[in-house]
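Hi there,

Here is the structure I promised to pass on. My notes on its aromatic rings and one surface patch follow below.

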Amino acid sequence: MIKVLATDGMDKSGIAALQAKGVQVDCDFYEPEALCEAVKNYDVLVVRSATKVRTAQIDAAAEAGKLKLIIRGGVGVDNIDVKYAEEKGITVRNTPRASSDAVAELALAHMFSVARFISIAGHTMREDRWEKKSYKGIELSGKTVGIIGYGRIGQALGRRCQALGMKVLAYDIYHAEGVENENMKYVELDELLSASDIISLHTPSLPGQPLVNEETIAKMKDGVIIINTSRGTNIDETALLNALNSGKVYGAGLDVFAEEPAKNKELYSHPKVSGTPHIGASTAEAQKKIGKEIVDLISDKFGI
């Protein structure tokens with residue numbers, strides 16, 4: 001019997017589909033040290049963003065010789081030491097298509113929230129405060145949005161922004177064919193930074209300095225809005241906080257943080273921040289799609 005450990009959980013429809021194929025699915029969460037022992041007993045390890053699969057877990061699995069496949073239920077695989085795992089004969093896959101629309105919609109929702117003070121205005125009403133005159137916002141229509149990382153999620157966001165009457169600038173090392181038009185074009189990073197009213201990040205965690213740091217913020221327009229639904233480490237949180245306090249940055253929509261659960265209370269409770277606890281892919285539709293992709297990956301790998 002094939003055994004699957006979904007340590008960060010898995011949609012019920014995916015579990016049912018695997019069980020119908022005779023696969024055992026366990027959804028127990030393990031801390032890193034305990035996971036080293038647990039992985040020895042499974043053919044497949046399925047993780048989301050909470051679990052990190054590093055050399056210790058990979059070495060333990062390789063020594064036992066049972067684990068054949070690691071799946072990241074989501075877009076990036078930066079929480080897995082992919083190259084090391086594959087050197088040990090363990091295949092690594094992800095589910096890049098399943099959550100693109102969900103993440104793009106959340107990025108757009110954060111744009112609206114920051115532009116119209118939805119988060120903070122709603123909070124003050126819960127405190128029985130009626131501060132109508134305090135929240136004069138801005139309109140998204142007619143604004144230029146710069147999207148850093150124009151893969152599936154970036155393109156999904158770009159289409160939605162264009163439908164709202166926004167101009168889209170995109171920066172990516174790869175240029176997808178057939179996506180440029182009069183309202184969307186690829187540009188170099190410096191042009192994107194200087195020309196965009198809103199900047200949205202859609203890249204994996206990158207080595208070196210964060211994408212948004214003191215230097216790149218200085219290149220941005222005064223009053224820029226920054227959205228991050230990618231990885232928390234793509235932003236220097238101290239630099240962002242300083243820019244929010246100075247007014248250089250109008251506001252920020254953040255679904256991800258450098259440390260999770262988020263510890264930087266000064267940032268996530270800032271009145272100019274619309275924050276969510278890493279829920280980009282947390283829709284019923286996305287989780288079902290992720291579950292289906294996981295089932296397909298396991299079925300292909302083991303011929304079931």
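Does Tyr150 count as buried or exposed? Tyr150 counts as buried, at 4% relative accessibility (buried is under 20% relative accessible area, exposed over 50%, partly exposed in between, with a 1.4 Å probe and protein chains only).

Please keep in mind that this is a predicted model, where local features need pLDDT of at least 70 and side-chain atom pairs count only at pLDDT 80 or more, while totals for chains, interfaces and linings use all residues. Residues are numbered from 1 along each chain as its sequence is written, and side-chain values use heavy atoms, with hydrogens and water left out.

Now the rings. The whole structure holds 4 aromatic pairs (ring centres of Phe, Tyr or Trp, the last by its six-membered ring, within 6.5 Å; planes under 30 degrees apart are stacked, over 60 edge-to-face, the rest tilted). One of them is tilted: the ring centres of Phe117 and Tyr135 are 5.4 Å apart, with planes at 45 degrees. This pair ties together parts 18 residues apart in sequence. Phe117 is buried, at 18% relative accessible area. Ring pairs also link Phe117, Tyr135 and Tyr250 into a cluster.

Tyr150 pairs with Tyr186 edge-to-face, with centres 5.9 Å apart and planes at 85 degrees. Tyr186 is buried too, with a relative accessible area of 10%.

Finally, Lys3 lies over the face of Tyr42, 5.0 Å from the ring centre (the cut-offs are NZ of Lys or CZ of Arg within 6 Å of the ring centre and within 35 degrees of the ring normal).

Best wishes

Technical notes. Helix = DSSP H or I, 4+ residues; strand = E, 2+ residues; numbered from the N terminus.
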